[in-house]
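The following exercises are to be worked through with the sequence and the model at hand. Each task is followed by a solution in steps.

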Amino acid sequence: MKKLILTLAITITATLISKAQEGFSVQAGLSSVSISTKVEGQSASNSEIGFFAGVGYQLSLTDKIDLQPSLLFSLVDELNSLYIPIIAKYNINDQFNVQAGPQINYLLEDIDKGKLGIDLAFGAGYSISEELYVQARYGLEVSRDIEDTNINTFHVGVGYNF
């Protein structure tokens with residue numbers, strides 16, 4: 001099932017990119033990962049800060065709606081991850097947008113269970129110029145194949161459109 005979901009996400013992203021490429025971008029910034037677990041009725045949580053970097057595409061669907069699939073690599077102390085967000089952006093005006101969409105996250109750590117997760121990501125972005133933008137996005141975990149553990153993410157960064 002994990003491989004099917006990952007293959008489907010990559011296929012959809014590749015199809016969208018090949019049919020409607022509007023602009024390639026690079027992205028980098030700070031990544032914060034929060035882990036909460038429940039063991040024998042007791043809750044525990046921990047947060048780590050690191051950084052992320054990756055590539056994406058800006059696809060214009062309408063005057064107001066864009067799609068931004070990306071591939072991001074996050075380096076956070078104990079939780080290095082690969083993120084594949086497929087984010088819809090609603091452009092409020094030429095500079096400001098709000099964002100939401102699914103995000104696949106895959107832990108690159110050597111663990112037996114819980115490597116693949118699906119998040120609902122939402123946030124906002126601001127275009128400084130046609131090339132330069134900033135954005136902040138929160139990923140709320142909705143599914144992972146390990147019980148009583150949630151991994152949520154917050155990314156804030158800068159991007160450059162080519």
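**Exercise 1. State how many helices and strands the chain has, and in which order they follow.**

Solution. The chain has one helix and eight strands; helices (H or I, at least four residues) and strands (E, at least two) are DSSP runs, numbered from the N terminus. Along the sequence, the pattern reads α-β-β-β-β-β-β-β-β. This is a predicted model, in which local features need pLDDT of at least 70 and side-chain atom pairs count only at pLDDT 80 or more, while totals for chains, interfaces and linings use all residues. Residues are numbered from 1 along each chain as its sequence is written, and side-chain values use heavy atoms, with hydrogens and water left out.

**Exercise 2. Identify the strands to which S1 is joined, and give the number of bridges in each case.**

Solution. Step 1: strand S1 (residues 23-39) runs antiparallel to strand S2 (residues 42-60), and 17 bridges join them. Two strands pair if DSSP finds at least two bridges between them. In this pairing, Phe 24 stands opposite Tyr 57 in S2.

**Exercise 3. Determine whether Gln 58 is buried or exposed, and find the partner of its side chain in a polar contact.**

Solution. Step 1: Gln 58 lies in strand S2. Step 2: its relative accessible area is 16%, so Gln 58 is buried (buried means under 20% relative accessible area, exposed over 50%, partly exposed in between; 1.4 Å probe, protein chains only).
Step 1: the side chain of Gln 58 makes a polar contact of 2.8 Å with that of Asp 66. Such a contact is a pair of N or O atoms within 3.5 Å; within protein, one must be able to donate a hydrogen and the other to accept it, and residues adjacent in sequence count only if both atoms are side-chain atoms.

**Exercise 4. Find which residues meet in the salt bridge of the structure.**

Solution. Step 1: the structure holds one salt bridge, that is, a side-chain nitrogen of Lys or Arg within 4 Å of a carboxyl oxygen of Asp or Glu. Step 2: the residues are Glu 141 and Arg 144, at 2.7 Å from N to O. Step 3: both Glu 141 and Arg 144 are buried.

**Exercise 5. Explain why the ring pair of Tyr 160 and Phe 162 is edge-to-face.**

Solution. Step 1: four aromatic pairs are present. Rings of Phe, Tyr and Trp (its six-membered ring) pair if their centres lie within 6.5 Å; planes under 30 degrees apart count as stacked, over 60 as edge-to-face and the rest as tilted.
Step 1: the ring centres of Tyr 160 and Phe 162 are 5.2 Å apart and the planes stand at 75 degrees, so this pair is edge-to-face.
Step 2: ring pairs link Phe 24, Tyr 57, Tyr 160 and Phe 162 into a cluster.
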